[in-house]
Amino acid sequence: MFSDRTNWNLTSNRLGEALVRHRSNRKPLLDLTASNPTECGFSYDHEAILRALANPSALSHMPDPRGLESARCAIAAYYGIRGDSVPVEDIFLTTGTSEAYSFIFRVLCNPGDELLIPAPSYPLFDFLAEIQDVKLVRYPLFHDHGWHIDFYALEQAITPRTRGIIVVHPNNPTGHFATVRAIARLNEICAAREIAILADEVFLDFSLAKEQPPSFAANRGALTFTMSGLSKISGLPQMKAAWLISSGPEPWKTQALARLEVIADTYLSMNAPVQLAIPDFLEQRHRFQQQLMARVRGNLSELDRQLAAQNSCARLEVEGGWYAVLRAPATRSDEDLAVELLEKSGVYVHPGHFYDFPDDAYLIVSLITPEQDFAEGIRRTLSRF
Ligand SMILES: Cc1ncc(COP(=O)(O)O)c(C=O)c1O
């Protein structure tokens, strides 16, 4: 009856089962995986957001495969402020980064073609790729005074079926940015093999450094697809507003745009009210990002304060993004540890293997967790060692 590609093993893991049990017994929970910004106690300008959705122009249908020009101009201006020149016609609006990924997978890959993805990284890629019949091949990141791409392993992983390399910038959950040197190396590798760079920049604005990290949006060294959106930038995941930018050498860029146009025209998936609201939603980012970065910095210093008072656990350096990686003694599997924390301490954290960490020593916590929950959750976590 069904396709092989949807023949997934959907049984939940032990931690998932423990969480369902915990919730159904109505036990109190300190959720240190919180990643939905609309549920984390940030203050939004409700009136401005709702007003933006009530634009009378939404009463007309104005189909454009790339999405409304007014929205794309606002996005180009957002990059302009960063110092990146992004032509409005190189931008496509999508209903989320996941849709942007699927468009790119369709443009680049035949069934069974391969894309390289970083490990550790965000776990949604597996489903996205399987739905598009794309095979994911992992390239390792290693940690040595910060995270780095293992370029030797990356090059070994490239086969004649490789169509592109995914870079998450900054990566989730390791929180590191690709350096200028790494970007140059990626350009060299991709240009020489005629494969693309797929850059996921949803967390780009959330850097802890004073200097702004470079974006891939204007990268010209290889065919590049850069994705971002308002779910993180303005903390509005419910609006389903994201984008995809193509850049790079000719003739590849023009061909990519022409192919994307057919795919986007086939779906025309963006709705009018959200497209019309994008300029206002982008404006909301200032207020949101200020609160979010204050939360991230506050939680990080609380974490450091508590870590300084013990010597079993440490955290890895965070350059940006919404997460911190704790290194704990690997006395049991990270899943056992996460289940134990949930059942005995009422604290929910993600074990590193969710993100393909290479061993059992890692726990991932969200830095956007409300402060009190974060402080108490970390206290209970550290007290287990
Ligand atoms: C690295 C990364 N990319 C993409 C997404 C999804 O973004 P969107 O809501 O725009 O689909 C997430 C969500 O957490 C993410 O962590």
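Me: How do the residues of the lining of the largest pocket divide into nonpolar, polar and charged?

Reply: Here Ala, Val, Leu, Ile, Met, Phe, Trp, Tyr, Cys and Pro count as nonpolar, Asp, Glu, Lys and Arg as charged, and the others, including Gly, as polar. In this structure the lining of the largest pocket has 17 nonpolar, 12 polar and 3 charged residues. The model is predicted, and local features need pLDDT of at least 70, side-chain atom pairs count only at pLDDT 80 or more, while totals for chains, interfaces and linings use all residues. Residues are numbered from 1 along each chain as its sequence is written, and side-chain values use heavy atoms, with hydrogens and water left out.

Me: What volume does the largest pocket have, and which residues are closest to its centre?

Reply: On a 1 Å grid over the protein atoms alone, a pocket is an open set of points with protein on both sides within 12 Å along at least five of seven lines; a cavity is a set where a 1.4 Å probe fits but cannot get out, and lining residues have an atom within 4 Å of a point. A volume is the space filled by probe spheres set on the points, which are joined across faces, edges and corners. For the largest pocket this is about 690 Å³. Of its 32 lining residues, Ser35, Tyr122, Leu124, Asn172 and Lys232 are the closest to the centre. Two or more lining residues come from each of α1 (14-24), α4 and α8.

Me: Which space does the ligand take, and which residues are around the ligand?

Reply: A molecule sits in a pocket if more than half of its atoms lie within 2 Å of the grid points. The ligand takes the space of the largest pocket. By class, the shell holds 4 nonpolar, 5 polar and 2 charged residues.

Me: Which residues does a cis peptide bond join?

Reply: Most peptide bonds are trans. In this model, a cis peptide bond joins Ala119 and Pro120, with omega about 5°. Another cis bond links Asn172 to Pro173, where omega is about 10°.

Me: Which residues line the largest cavity?

Reply: The search of the whole structure finds 1 cavity of 30 Å³ or more. The largest cavity has a volume of about 30 Å³, and its lining consists of Ser43, Tyr44, Asp45, Ser234, Gln284, Arg287, Phe288 and Gln291.

Terms used. Helix = DSSP H or I, 4+ residues; strand = E, 2+ residues; numbered from the N terminus.
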